[in-house]
Amino acid sequence: MQLDVLLFAAARQTANSDHVTIEVGDNATAADVLQALSQQHPQLGSLLPSCRLAVDCTYVDSENPIPPDSEVALIPPVSGG
Amino acid sequence: MTDINICVQIVETPIQWDQLTDKVADPNAGAQGWFVGVTRRTTGPRVTETLAYEAHIPMATRELEKLAAAAIKKFSLFQVVIVHRIGEVPVGEASVVVGCSSGHRPETFEALAWIMNTLKKEVPIWKREQYVDGSTEWVHPTPADGEQA
């Protein structure tokens, strides 16, 4: 399946876009999404190890499955406040 | 999530703190406390001209609501207010305001520190430094950065 992944902060700046599209298997997990991002958008590579994924506005663990049509966001280390 | 004890806002304009003060009022409270985070001019040797904040707004709003609800439970608070500004925040202006009320002062003192520390780890908001030399840099703390960001 194809997934759009929302990008923020340095990831958005690096990709020069607020989202990227990736191709993953139908039963992809969060870890699979991160791997696909690394392979299909290598410019994000150095940031990815420190990033978390959020699905439908909730942080997910690496083994969490990604439902089709969900909103996936790449969350770099946060720095609010 | 909606809760009459919680006020969470992400705003793109200066935070009007004086308009928030009544939101922590409670007849059973013996303590009201506020933390105001302001844009600092210096980080080590570097001099900041302005900070710009970006958020995943729906998720940040949800995380702030969860944080406020958790703080009420953890510290037996009556009211919690969290307002975070995004967009450009010039040096000296408030980027975040947190307020709460409790029966006695220890809970309010502890809650303000806990809310800010948790916000800085969990809520998807990011700052970008723009230095006076014209360079810019997104701030993405690593664990080694500790609580200094």
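**Contact between chains A and B**

I looked up the contact first: chain A contributes 16 residues and chain B 26 residues, two residues being in contact if their C-beta atoms, placed from the backbone, lie within 7 Å. On the side of chain A that touches chain B, α1 (9–15) and β5 (72–75) each supply at least two residues. Of these elements, α1(A) gives the most, with 3 residues. I took helices (H or I, at least four residues) and strands (E, at least two) as DSSP runs, numbered from the N terminus. By class, I find 11 nonpolar, 5 polar and no charged residues on that side of chain A. Here Ala, Val, Leu, Ile, Met, Phe, Trp, Tyr, Cys and Pro count as nonpolar, Asp, Glu, Lys and Arg as charged, and the others, Gly among them, as polar.

**Basis of the entries**

I note that this is a predicted model, in which local features need pLDDT of at least 70 and side-chain atom pairs count only at pLDDT 80 or more, while totals for chains, interfaces and linings use all residues. Residues are numbered from 1 along each chain as its sequence is written, and chains are lettered from A and ligands numbered from 1 in the order in which they are written.

**Chain A**

I read 2 helices and 5 strands in chain A, in the sequence pattern β-α-β-α-β-β-β. The C-alpha trace spans about 35 × 25 × 20 Å along its principal axes.

I then looked up the sheet of chain A, which is open, has 5 strands in the order β2-β1-β5-β3-β4, and shows mixed pairing; strands pair if DSSP finds at least two bridges between them. At its edges I find β2 (19–23) and β4 (58–60) of chain A, each pairing on one side only. Strand β1 (residues 2–6) of chain A pairs with β5(A) in the parallel sense over 2 bridges. Leu6(A) stands opposite Ala73(A) in β5(A).

**Strand β7 of chain B**

I find 8 of the 9 residues of strand β7 (residues 94–102) of chain B buried, so this strand is largely enclosed by the rest of the structure. A residue is buried if 20 or more other C-beta atoms lie within 10 Å of its own, exposed if 12 or fewer, and partly exposed in between, with C-beta atoms placed from the backbone.

Strand β2 (residues 31–38) of chain B is joined to β7(B) by 8 bridges and runs antiparallel to it. Within β7(B), Cys100(B) stands opposite Gly33(B). I also find strand β5 (residues 79–85) of chain B paired with β7(B) in the antiparallel sense over 6 bridges. Val98(B) in β7(B) is the bridge partner of Ile82(B).
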